[in-house]
Amino acid sequence: MDFRFDLIMDYLPFFLRGTLYTIGISLLGILFGTILGLLIGLGKMMKNKILAFPFLLYISFFRGTPFIVQIFIIHFGVVPAIIGTTNGIAAGIIGLSLNAAAYIAEIFRAGIQSIDRGQMEAARSLGMNHVQAMRYIILPQAFKRMIPPLGNEFIVLLKESAITALVAVPEIMYWGRAFQGQYYRVWEPYLTAALIYFILTLTLSYLLSRLEKRLATE
Amino acid sequence: MIKVEKLKKSFGANEVLKDINASIKQQEVVVVIGPSGSGKSTFLRCLNLLESITGGHVFIEGIDITAKTTDINKIRAEVGMVFQQFNLFPHKTVLDNIMLSPIKVKKIDHGKAKEKALELLRKVGLEEKADAFPDSLSGGQKQRVAIARALAMEPKIMLFDEPTSALDPEMVGEVLEVMKQLAKEGMTMVVVTHEMGFAREVGDRVLFMDGGYIVEENVPHELFDNPQHERTKAFLSKVL
């Protein structure tokens with residue numbers, strides 16, 4: 001079997017630009033997904049069941065349907081309804097953020113609820129109000145415990161971002177498919193794409209484990 | 001200083017406190033004893049509303065703490081509590097554990113709060129542990145830090161919820177010693193404990209609880225040496 005490195009070299013600039021897109025939409029997905037996830041997690045923990053219900057519904061929907069379905073709905077339905085035209089990059093970022101938010105909300109809730117009840121009681125018995133107790137006592141401890149599952153979620157998000165190729169986001173997989181279409185080659189484009197994703201996820205998990213270690217020794 | 005009227009507390013269908021009436025005077029040390037499940041910890045936790053109250057009233061210095069208009073955070077700042085499980089904040093040093101609430105709740109400036117915290121640590125004999133994290137302390141040390149943390153808010157009342165029950169036997173003494181000292185200084189204290197020796201020696205009054213009621217109350221030597229109620233006698237015969 002001849003393996004055409006020359007074709008890969010040909011496509012390398014596209015793959016590199018695609019990598020920047022993958023990193024960009026993933027980082028934005030992580031950023032918005034985390035912010036949104038925190039809010040949704042807090043919403044789901046509200047004592048009032050009626051107020052908490054929409055958040056529960058949100059989490060159930062995004063965890064209970066395939067990402068590719070979600071992103072098609074956003075790309076062909078939601079984004080055109082708002083800005084009048086389709087926009088793959090916007091749909092990709094929105095889709096990744098909304099999807100990740102559902103998982104991050106659950107990570108956040110689990111992190112907070114894993115903190116011993118006595119911590120809240122001690123804080124409240126010292127006169128702190130609920131917000132102060134959360135801010136100074138519960139959240140700093142919960143955050144440390146949330147880092148490993150959050151890291152997993154970030155890696156999942158990075159890999160899921162490949163699906164945005166289907167709504168024409170010019171990221172790694174988009175160029176892989178273009179490569180296959182142009183040269184009728186299979187191994188070269190997809191092994192290259194796999195290698196790039198692998199390097200990205202390895203780098204991300206390395207960074208996360210360093211963060212974890214640093215926080216553990218604090 | 002504390003007045004409890006017809007206090008009731010239920011967890012679902014389980015009525016833990018049935019009809020509690022008590023009053024605690026300034027500088028008084030009241031020890032609450034009773035079998036497990038008698039409601040003594042719940043009673044204590046109702047005094048600073050860590051448990052919501054199902055019925056009745058609790059007055060702290062004349063203020064009905066169950067009233068909707070009462071700022072419970074303000075009341076809690078004046079009622080210190082020490083827990084069985086210490087509940088120190090593991091992500092903060094001993095010093096920060098003690099200083100946090102004075103700074104955030106009472107808005108005392110950092111320097112003054114530190115001075116006060118160090119003074120309290122000296123008082124409980126742990127000045128050299130100021131920069132340690134709670135994980136590195138023994139149980140007895142943790143509980144002494146917890147007492148210092150509660151005292152940093154300069155409370156008028158201290159509640160102790162089985163403060164020595166989670167300690168190894170050889171560490172019980174050091175915690176009781178700090179509590180004794182506190183009682184001598186005139187702190188108003190409500191102590192739920194199984195330490196009958198402490199109740200007898202330090203308590204001004206002992207309440208015996210069983211089945212959600214205060215069954216009997218008296219000065220320690222009367223209650224221990226001459227219990228009136230059958231259930232008190234049965235309980236004391238097991239623990240003394």
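Which residue of chain A forms a salt bridge with B:Arg45? Select B:Arg45 and look across to A:Glu121: the closest N and O atoms are 2.6 Å apart. A salt bridge here is a side-chain nitrogen of Lys or Arg within 4 Å of a carboxyl oxygen of Asp or Glu. The rule finds one salt bridge across the interface of chain A and chain B.

Before moving on, note that this is a predicted model, in which local features need pLDDT of at least 70, side-chain atom pairs count only at pLDDT 80 or more, and totals for chains, interfaces and linings use all residues. Residues are numbered from 1 along each chain as its sequence is written, chains are lettered from A and ligands numbered from 1 in the order in which they are written, and side-chain values use heavy atoms, leaving out hydrogens and water.

**Stop 1: the interface**

Show both chains. Here 18 residues of chain A are in contact with 23 residues of chain B; contact means heavy atoms within 4.5 Å. About 1,700 Å² is buried between the chains, and carbon and sulfur atoms give 59% of that. Buried area is the accessible area (1.4 Å probe) that two parts lose on being put together, summed over both.

Now select A:Ser125, A:Leu126 and A:Tyr136. They supply 34% of the area that chain A buries against chain B, more than any other three residues.

Eight residue pairs are in polar contact between the chains, both residues at pLDDT 80 or more. A polar contact is a pair of N or O atoms within 3.5 Å; within protein, one must be able to donate a hydrogen and the other to accept it, and residues adjacent in sequence count only if both atoms are side-chain atoms.

Which helix gives the largest share of the side of chain A that touches chain B? Select helix 5 of chain A: eight residues come from there. Helix 5 (117–125) and helix 6 (130–160) of chain A each supply at least two residues of that side.

**Stop 2: chain A**

Chain A has eight helices and zero strands. Helices (H or I, at least four residues) and strands (E, at least two) are DSSP runs, numbered from the N terminus. The C-alpha atoms of chain A fill a box of roughly 70 × 45 × 25 Å, taken along the principal axes.

**Stop 3: the six-stranded sheet of chain B**

Switch to chain B. Six strands form an open sheet in the order 6-7-8-3-9-10, with mixed pairing. Two strands pair if DSSP finds at least two bridges between them. Strand 6 (79–82) and strand 10 (213–218) of chain B stand at the edges with a single partner strand each, so one side of each has no neighbour in the sheet.

Zoom in on strand 3 (residues 29–33) and strand 8 (residues 188–192) of chain B. They run parallel, joined by four bridges. Select B:Val32; its bridge partner in strand 8 of chain B is B:Val192.

**Stop 4: the four-stranded sheet of chain B**

This open sheet has the order 2-1-4-5, and the pairing is antiparallel. Its edge strands are strand 2 (14–24) and strand 5 of chain B. Strand 1 (residues 2–11) and strand 4 (residues 55–60) of chain B pair over five bridges. Select B:Lys8: B:Gly55 of strand 4 stands opposite.

Follow strand 4 of chain B into strand 5 (residues 63–64), joined by two bridges. B:Phe59 has B:Asp64 as its bridge partner there. Finish at B:Glu61: in this hairpin, with two residues between the strands, B:Glu61 takes a positive phi near 50 degrees.
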